[in-house]
Amino acid sequence: MMKKTTLAVSLGLIALLSACGGAGDTAPVATPTPVPTAAPTPAPQAVNIQFVAKAGTEAVKCGTPITSLGNPSTAAQLQDLRLYLSNVVLLTADNREVPLKLASNEWQNSEVALIDLEDGTGSCSGGTSATNAKVSGEVPAGSYTGLKMTVGVPSSLNHTDYATASAPMNVQAMAWSWQSGRKFAKIEVTDPQGVAGSWTAKTFMVHLGSTGCTGNPATGATTTCTSSNRMDVKLSSFNPATQNVVIDLQTLLATSNVMINGGGAPGCMSGKTDPECPAIFSALKIDLNAGTSINGGDGQQLFRVEAK
């Protein structure tokens, strides 16, 4: 009787161990929770902002007479057209500003781009053969509907020696006095008839740059200027893929008599007392006395947009 009972108990324990998996079995392995895969970062969007020179609807280039400029209207010809651009940003539909990351090349560094629309031929014989009509860079992929920029050079780059500076700050023709730094814009038109023409002043110059500057950086001093004269530009509707930025000399000079110099330098070289400067600075939307931008450049009359 004892043997049967012991055998029954043993068989019961074996069955119980079998039902529980047995002492030698391992615990079930948990299935790991999948880790979500991050969405790939969109590739940067390349942007090329193309510039063209015009007088109204008329293309402007070296060696080709311009039919009508100024008041009174007169024929003219281009002598120089170069300008520095900085703080370039694209605008989204909700007016958010997205900085353009400038490509590095002979015309651009990380902060400044040089637009050069003279080619050194004909009436532009004092210039250079190399030209550059675009600002290039990258922004995050997206939809952009406008453009903002500054005609000017940041102070940290402006007051440096062009002879030792890297491109595009090494252009002698864009250097002003040592303390004043660079010409932010150099726009010059001349009498199409040359020396024998009818202009009292043979050339009308628009040289935009900082004035009232003190402190020589060559001695380690910090340069400060009473008039910054940097021009803000806002083009609320602009698509770089389908539109160009036009530099319009006709609207810039619409109220200027380009044939006569009323005093001071020929044309306007950013002087507060120069009689030609009030009209030019009004078109650029810069306060001539303070040297500051008016209304963020809204209403400026140098740049406009048109289809490519």
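Colleague: Is C124 buried or exposed?
Modeller: In this predicted model, C124 counts as buried, because its relative accessibility is 0%, and buried here means under 20%.

Colleague: And which residue does C124 form a disulfide with?
Modeller: C124 forms a disulfide with C62, and their sulfur atoms are 2.1 Å apart. The pair links distant parts of the chain, since C62 sits in the loop between β2 and β3, while C124 sits in the loop between β7 and β8, 62 residues apart. C62 also counts as buried, at 10% relative accessibility.

Colleague: Left-handed or right-handed, that C62 and C124 disulfide?
Modeller: The torsion about the S-S bond of C62 and C124 is about -90°, so this disulfide is left-handed.

Colleague: How many disulfides turn up in the whole structure?
Modeller: A search of the whole structure finds three, and when the bonded cysteines are counted along the chain they follow the pattern 1-2, 3-4, 5-6. One of them is formed by C213 and C225, with sulfur atoms 2.0 Å apart. C213 lies in strand β12 and C225 in strand β13, so this pair ties together parts that are twelve residues apart in sequence. C213 is buried, with a relative accessible area of 12%, whereas C225 is partly exposed, with 26%.

Colleague: What does C268 join up with?
Modeller: A disulfide joins C268 to C277, with an S to S distance of 2.1 Å, and both of these cysteines are buried. The torsion about their S-S bond is about 105°, so the disulfide is right-handed.

Colleague: Switching to α4, which residues are buried there?
Modeller: In α4 the buried residues are C277, I280, F281, A283 and L284. They cover an arc of only 155° around the axis, which puts them on the same side of α4.

Colleague: What do those buried residues of α4 pack against?
Modeller: They pack against β11, β14, α3 and β16. Just after α4, K285 takes a positive phi of about 55°.

Colleague: Where does Q300 lie, then?
Modeller: Q300 lies in the loop between α4 and β17, and this residue counts as buried because its relative accessibility is 9%. Leaving aside its neighbours within four places in sequence, Q300 is in contact with several residues, including M231, D232, A283 and K285. A polar atom of the Q300 side chain also lies 2.9 Å from the backbone nitrogen of L302.

Colleague: Last one, how much of the chain counts as buried?
Modeller: Of the 308 residues of the chain, 42% count as buried, and the chain has four helices and 17 strands.

Notes
Residues numbered from 1 in each chain as written. Predicted model: local features only at pLDDT ≥ 70, side-chain atom pairs only at ≥ 80, totals over all residues. Heavy atoms only, no water. Helix = DSSP H or I, 4+ residues; strand = E, 2+ residues; numbered from the N terminus. Buried < 20%, exposed > 50% of the residue type's maximum accessible area, 1.4 Å probe, protein only. Polar contact = N/O pair within 3.5 Å; in protein donor to acceptor, adjacent residues only side chain to side chain. Contact = heavy atoms within 4.5 Å. Arc of directions from axis to C-beta. Disulfide = S-S within 2.5 Å.
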